[in-house]
Amino acid sequence: MLFLPPGIDCHFSIKKHTHVLVLEIGDLAAVCYHFLPTDMIPSIPLNESLFYTLDLKIQLYRWLVNMKDYLQDGRFDDALISIKTFELFCLIKHCYSIEELGKFFAPAMQDEYKFALFILSHYSSVKTAEELAHLSNYSFSAFEKQFRKVFGMAPYRWMLQRKIRKVYREIYETSIPLKVIADEFGFSGLSQLSDFCRKHFGLSPVAIRNKRKNNEEL
């Protein structure tokens, strides 16, 4: 199995009868970010210039056979392509090691994953997307464009989703005083934290914490 990044012109010499399936991925950076393990980021060889092939695992072979049957029967449309692409990346994620995935996707993912690594390492130290853009030495317009390319959404929305998950986790899973949590996430006080929780969870912080005592979840 071979991965060719966009813009690469390749010529192949086939020495025996074979079948070749070419699958084009639109927003590769966003797809890889969502489907491949984040632990893969440090494993990408930043100076890798050679293409790296992956041996075809039995699960991937079955996927290819299934795709061949669909193509031969003419039972193929955009919805099925989307489902099968989702399945392919799930299989790749579970069939190969982090090191193999890093080498395999290195030719196209270097810049995107370096950017993703920077964001994941620094977003919690700032309060706004503008601060994060400044920290990354991008103009905000260039930062937002690159962010959408890598994460598939606007930086403000992504940061808000992260904040929502972390606030809930600290309230539900820990015994940290609510006042400390409010201060940690930049709320002006318990009242603002309560408004935030009611808006996003439909419950007050105290009610969320009580759900843990009763072994309940949202």
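Phe140 is partly exposed, with a relative accessible area of 31%; here buried means under 20% relative accessible area, exposed over 50%, and partly exposed in between, using a 1.4 Å probe and protein chains only. The model is predicted, so local features need pLDDT of at least 70 and side-chain atom pairs count only at pLDDT 80 or more, while totals for chains, interfaces and linings use all residues. Residues are numbered from 1 along each chain as its sequence is written, and side-chain values use heavy atoms, with hydrogens and water left out.

Helices (H or I, at least four residues) and strands (E, at least two) are DSSP runs, numbered from the N terminus. Phe143 is buried, with a relative accessible area of 0%.

A pair of aromatic rings is described by the distance of the centres and the angle of the planes. Rings of Phe, Tyr and Trp (its six-membered ring) pair if their centres lie within 6.5 Å; planes under 30 degrees apart count as stacked, over 60 as edge-to-face and the rest as tilted. By this rule there are 14 aromatic pairs. One of them joins Phe140 and Phe143, with 6.4 Å centre to centre and 35 degrees between the planes, a tilted pair.

Which parts does the pair of Phe147 and Trp158 tie together? Phe147 belongs to helix α6 and Trp158 to helix α7, so the pair links parts that are eleven residues apart in sequence. The ring centres of Phe147 and Trp158 are 5.5 Å apart and the planes stand at 70 degrees, so this pair is edge-to-face. Phe147 is buried at 0% relative accessibility, and Trp158 is buried at 5%. Phe140, Phe143, Phe147 and Trp158 belong to one aromatic cluster, together with Phe115, Tyr123, Tyr138 and Phe151.

Trp158 leads on to the rest of α7. This helix has 19 residues, which at 1.5 Å a residue should span 27 Å; its end C-alpha atoms are 26 Å apart, which agrees. The expected span is 1.5 Å times one less than the number of residues. The buried residues of α7 include Pro155, Met159, Ile164, Val167 and Tyr168.

On a 1 Å grid over the protein atoms alone, a cavity is a set of points where a 1.4 Å probe fits but cannot get out, and a pocket is an open set with protein on both sides within 12 Å along at least five of seven lines; lining residues have an atom within 4 Å of a point. The second largest pocket has a volume of about 540 Å³. Of its 19 lining residues, Val126, Lys127, Met159, Lys163 and Phe185 are the closest to its centre. Helices α7 (155–173) and α9 (190–201) each supply at least two residues of this lining, and α7 gives the most, with six. The lining divides into nine nonpolar, five polar and five charged residues.

Helix α9 contains Ser194. Ser194 is buried, with a relative accessible area of 16%. Beyond its neighbours within four places in sequence, Ser194 is in contact (heavy atoms within 4.5 Å) with Ser204 and Pro205.

The chain as a whole has ten helices and zero strands. Of its 218 residues, 36% count as buried. Among contacts between residues at least 6 apart in sequence, 69% join residues at least 24 apart.

Technical notes
Points joined across faces, edges and corners; volume = space filled by probe spheres on them. Nonpolar A, V, L, I, M, F, W, Y, C, P; charged D, E, K, R; others polar.
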